[in-house]
Amino acid sequence: MREFALPRPAAHARSGLFWLALWTIYLVWGSTYLAIRVMVETMPPLLGAGIRFFLAGAILYLVLAVRRRRILLPISGGELLAAAVVGTLLLLGGNGLVTVAEQDVPSGLAALIFASIPLWVILLRLVARERIGRATLGGVAVGFLGVAILVLPGDRPGSAPLWGLLLLVVAAALWASGSFASTRLRLPADQFVSTAAPMIAAGALMIVSGLAAGEGSKFHVSSFSTRSLAGLAYLTFIGSLLAFTAYVWLLQNAPLSTVATYAYVNPLVAVVLGWAILSEELTFTVLLATVVIVAAVAFVVWRESRERAG
């Protein structure tokens, strides 16, 4: 059993698979905010998200079992626990709360607040007593100022409630915690197993949480719209099976600071799609926050890459 460790950035700079995986999470995850918003139009959020991840993880596990002709895939008890922890932070805590919030928060606005993930990663590294440059910390402060612009009272699009915005802030912090933990826990050496296990664990927890929250009384398949079902299918097969697999692979094969760059591409994709397809409002506040958050995240990632290279 080996301890998880990240390889050097240069080892993957010329990898075609690296760029394919990175652009997959750039574009696909940018579109998932719209798909989530559509799914929760007629579907309970936690049960919908739970079905999404449990189904995606189960399908991936079944494919692996058939291809390898083994029912039990290689994973120890410790690795299973680590996968459950990472999956709970990333999916239940991160994506699950986003799904709940998007019942009342426009998809583009949700994506902008979630873009603060790299800033939270820096704070976690600071708590872990890693050395962080002053310029990087300054960029983090500016980025959180952009988040504050969205959360504080003002011309929020769609009359987004404060509870939904604060829930998104917590979701971003939990997703960052999952990403941070994944670099320090002993996950399964098999990258596909380490993708399926967190999705199955988190999906099951989401379903249990949804039932505990009373969503079972609202789960009536006959009331689900075609749009919501299409959104669920897209999230399951494209957003989870394809993009999450790419994300887990990147976490194990590329620097976290590089993987985190998706956070300033996703909101741009989400804002444009929300405006173009769902007619979401683009207020001055949203545009200002977009510039502040994306610029701050881009600076922090650039600064971190430069310091590591030096």
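Okay, hi everyone. The model is predicted, so local features need pLDDT of at least 70 and side-chain atom pairs count only at pLDDT 80 or more, while totals for chains, interfaces and linings use all residues. Residues are numbered from 1 along each chain as its sequence is written, and side-chain values use heavy atoms, with hydrogens and water left out.

Let's start with the helices. When I say helix, I mean a DSSP run of H or I with at least four residues, and the numbering goes from the N terminus (strands would be E runs of at least two).

Look at α1, residues 16-39. It has 24 residues and spans 33 Å from its first C-alpha to its last, close to the 34 Å expected at 1.5 Å a residue. That expected span is 1.5 Å times one less than the number of residues. There is a bend in α1 too, of about 25° at Y33. The bend is the angle between two fitted axes, one for the seven residues ending there and one for the seven starting there.

Now jump to α4, residues 107-114, where eight of eight residues are buried. Among them are L109, L112, I113 and F114.

Next up, how helices pack. Two packed helices are described by the angle between their axes and the distance between the axes. The axes are lines fitted to C-alpha atoms, for helices over the stretch in contact, and the angles run from 0 to 180 degrees between N-to-C directions.

Take helix α3, residues 77-101, and α7: their axes come within 8 Å and cross at roughly 160°. So α3 and α7 are roughly antiparallel to each other. For the cut-offs, under 35 degrees is roughly parallel, over 145 roughly antiparallel, 65 to 115 roughly perpendicular, and the rest oblique. The crossing of α3 and α7 is left-handed, which is the word used if the near helix is turned anticlockwise from the far one by less than a right angle, with right-handed for clockwise.

Then there's α5 with α6, where the axes come within 9 Å and cross at roughly 135°. That makes α5 oblique to α6. This crossing is left-handed.

On to salt bridges. The rule is a side-chain nitrogen of Lys or Arg within 4 Å of a carboxyl oxygen of Asp or Glu. How many salt bridges does that rule give? The count is three.

One of the salt bridges pairs E41 with R227, with the closest N and O atoms 2.7 Å apart. This pair links distant parts of the chain: E41 sits in the loop between α1 and α2, R227 is in helix α9, and they are 186 residues apart. E41 is partly exposed at 42%, and R227 is partly exposed at 45%.

Now find E130. It forms a salt bridge with R125, closest N and O atoms 2.7 Å apart. Is R125 buried or exposed? R125 is buried, at 10% relative accessible area, while E130 is partly exposed at 24%.

R184 also bridges to E130, and there the closest N and O atoms are 2.5 Å apart. R184 is in the loop between α7 and α8, E130 is in the loop between α5 and α6, and 54 residues separate them. R184 is partly exposed, at 44%. Shared partners join R125, E130 and R184 into one network.

Most residues other than glycine have a negative phi, and most peptide bonds are trans. But R129 has a positive phi, near 65°. You'll find R129 in the loop between α5 and α6, exposed at 80% relative accessibility. S279 is not a glycine, yet its phi is about 55°. S279 lies in the loop between α11 and α12, and at 61% it counts as exposed.

Definitions and conventions
Buried < 20%, exposed > 50% of the residue type's maximum accessible area, 1.4 Å probe, protein only.
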